[in-house]
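The exercises below go through one structure step by step. Read each task, look at the structure, and then compare with the solution.

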There are 2 protein chains.
Amino acid sequence: MCEANAYLVDKSGQESLFLESVDKVEPEEEGIRLVSIFGEQKFIKGKIHSLSLVEHKVFIQPE
Amino acid sequence: MCEANAYLVDKSGQESLFLESVDKVEPEEEGIRLVSIFGEQKFIKGKIHSLSLVEHKVFIQPE
């Protein structure tokens, strides 16, 4: 399985774990919805900032 | 290795392969830079649209 963990990145560059084992990230009207391989869903106002897939990391920039 | 393939998605939803075996995606001033696990780099004016990591897919929306 090639899921990744999603981290929020604040303006100082600090990372905090938002959701583990993310499969899908989909845009919605005012943000993005993340869905884990276990079916857990989280919505956040923000956007995908960057990816580091070999490290299994998705970085999200909150609005 | 958990790299993914990056696809451009046009307005009709059509997907076309842009870069294989993507490791990193980083924002730049006017778009995003993709770097493959082989060190190949591509820049595109656009943004990350969505992710489907278990399918190893990154979708990019060109501007």
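**Exercise 1: Strands within chain A**

In this predicted model, Leu34(A) stands opposite Lys42(A) in E4(A).

Solution. 

Step 1. Find the two strands that hold the pair. Strand E3 covers residues 31-36 of chain A, strand E4 covers residues 41-44, and the two pair in the antiparallel sense over four bridges.

Step 2. Look for another pair between these strands. Val35(A) stands opposite Gln41(A) in E4(A).

Step 3. Follow the chain from one strand to the other. E3(A) and E4(A) form a hairpin with four residues between them. In the turn, Gly39(A) has a positive phi of about 90 degrees.

Step 4. Turn to the other partner of E3(A). Six bridges join E2(A) to E3(A), and these strands run antiparallel. Val22(A) has Ser36(A) in E3(A) as its bridge partner. A hairpin through two residues joins E2(A) to E3(A).

**Exercise 2: Strand pairing between the chains**

Which strand of chain B pairs with E2(A), and in which sense?

Solution. 

Step 1. Take strand E2 of chain A, residues 15-28, and look across to the other chain. E2(A) pairs with E5(B) in the antiparallel sense, over two bridges.

Step 2. Locate one facing pair. Lys24(A) stands opposite Ser52(B) in E5(B).

**Exercise 3: The interface**

Solution. 

Step 1. Begin with the extent. On chain B, 21 residues are in contact with 21 residues of chain A. The two chains bury about 1,700 Å² between them, 65% of it on carbon and sulfur atoms. Within chain B, the residues that lose the most area to chain A are Cys2(B), Leu51(B) and Leu53(B), which together make up 37% of what that side buries.

Step 2. Count the polar links. There are two salt bridges between chain B and chain A. Glu55(A) forms a salt bridge with Lys24(B), where the closest N and O atoms are 3.8 Å apart; the cut-off for a salt bridge is 4 Å. Eight residue pairs are in polar contact across the interface.

Step 3. On the side of chain B that touches chain A, strand E2 (15-28) and strand E5 (46-52) are the elements that give two or more residues. E2(B) supplies the largest share, six residues.

Step 4. Sort the residues of this side by type. They divide into twelve nonpolar, four polar and five charged.

Technical notes:
Residues numbered from 1 in each chain as written. Chains lettered and ligands numbered in written order. Predicted model: local features only at pLDDT ≥ 70, side-chain atom pairs only at ≥ 80, totals over all residues. Heavy atoms only, no water. Contact = heavy atoms within 4.5 Å. Buried area = accessible area lost by both parts, 1.4 Å probe. Salt bridge = Lys/Arg side-chain N within 4 Å of Asp/Glu carboxyl O. Polar contact = N/O pair within 3.5 Å; in protein donor to acceptor, adjacent residues only side chain to side chain. Nonpolar A, V, L, I, M, F, W, Y, C, P; charged D, E, K, R; others polar. Pairing = 2+ DSSP bridges.
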